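Q: Please take a close look at the disulfide in this structure, and then at any cavity that goes with the picture.

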Amino acid sequence: MKPGRRFTLAAGLLIAALGASALYIALTHQETVPPTPSATAPPFITVNSQEALDAELASAAANQQVALVDYYADWCIPCKQFAQKTFTDPAVAQQLNRMHRIKVDLSENRPDDFALMRTQDVAGLPTLDFWLPNGERHATARITGFLTPQAFMTHLRQHGLKHEVKSEQ
């Protein structure tokens, strides 16, 4: 084979490989469609101090509600995945609507943020805790890391936190 022809063949293969790579990246990393109004996450009360967290937990206990505490930061990608993918799922949102929802904002990495993390034994983000209506933290229900909507629902069921909806029959 002539050297010029070999170069043309190699260049063509390289261009084809780059095109296939670009197509793969485009298909696997497509922008997520913003949630539709019917698929939005229930609102959370945002706090950034231990005192504010304690007040919200007391409010949940006074109202006999399970409290979901989401320790998150704006720069945490899995935290954003919870908000965009899991909490917007209709079945998950239905369960969250029955809970007192609290987000602990640790985005600024302040000394107070690290103190709160130590107090709550949070080693990394995202971390989700569940507090029972009696005001006690559910000892085994903590979530660390991202869960899909299906895995989140399974987790709620396994820890007795899923509210069963009675059918209208």
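A: This is a predicted model, in which local features need pLDDT of at least 70 and side-chain atom pairs count only at pLDDT 80 or more, while totals for chains, interfaces and linings use all residues. Residues are numbered from 1 along each chain as its sequence is written, and side-chain values use heavy atoms, with hydrogens and water left out.

Searching the whole structure gives 1 disulfide, a term that stands for a pair of cysteine sulfur atoms within 2.5 Å. The bond joins C76 to C79, with an S to S distance of 2.4 Å, and because the torsion about the S-S bond of C76 and C79 is about 80°, the disulfide is right-handed. C76 is buried, having a relative accessible area of 4%, and C79 is buried too, at 3%, where buried means under 20% relative accessible area with a 1.4 Å probe and protein chains only.

The search for cavities of 30 Å³ or more over the whole structure finds 1; a cavity is a set of points, on a 1 Å grid over the protein atoms alone, where a 1.4 Å probe fits but cannot get out, and its lining residues have an atom within 4 Å of a point. The largest cavity has a volume of about 30 Å³, the volume being the space filled by probe spheres set on the points, which are joined across faces, edges and corners. Its lining consists of L57, A60, A61, Q65, A67, W131, L132 and G135, and the largest share of that lining, 3 residues, comes from helix α2 (residues 50–62), a helix being a DSSP run (H or I) of at least four residues, numbered from the N terminus.

How values were computed: Buried < 20%, exposed > 50% of the residue type's maximum accessible area, 1.4 Å probe, protein only. 1 Å grid on protein atoms, 1.4 Å probe; cavity = no way out; pocket = protein on both sides within 12 Å on 5 of 7 lines; lining within 4 Å. Helix = DSSP H or I, 4+ residues; strand = E, 2+ residues; numbered from the N terminus.
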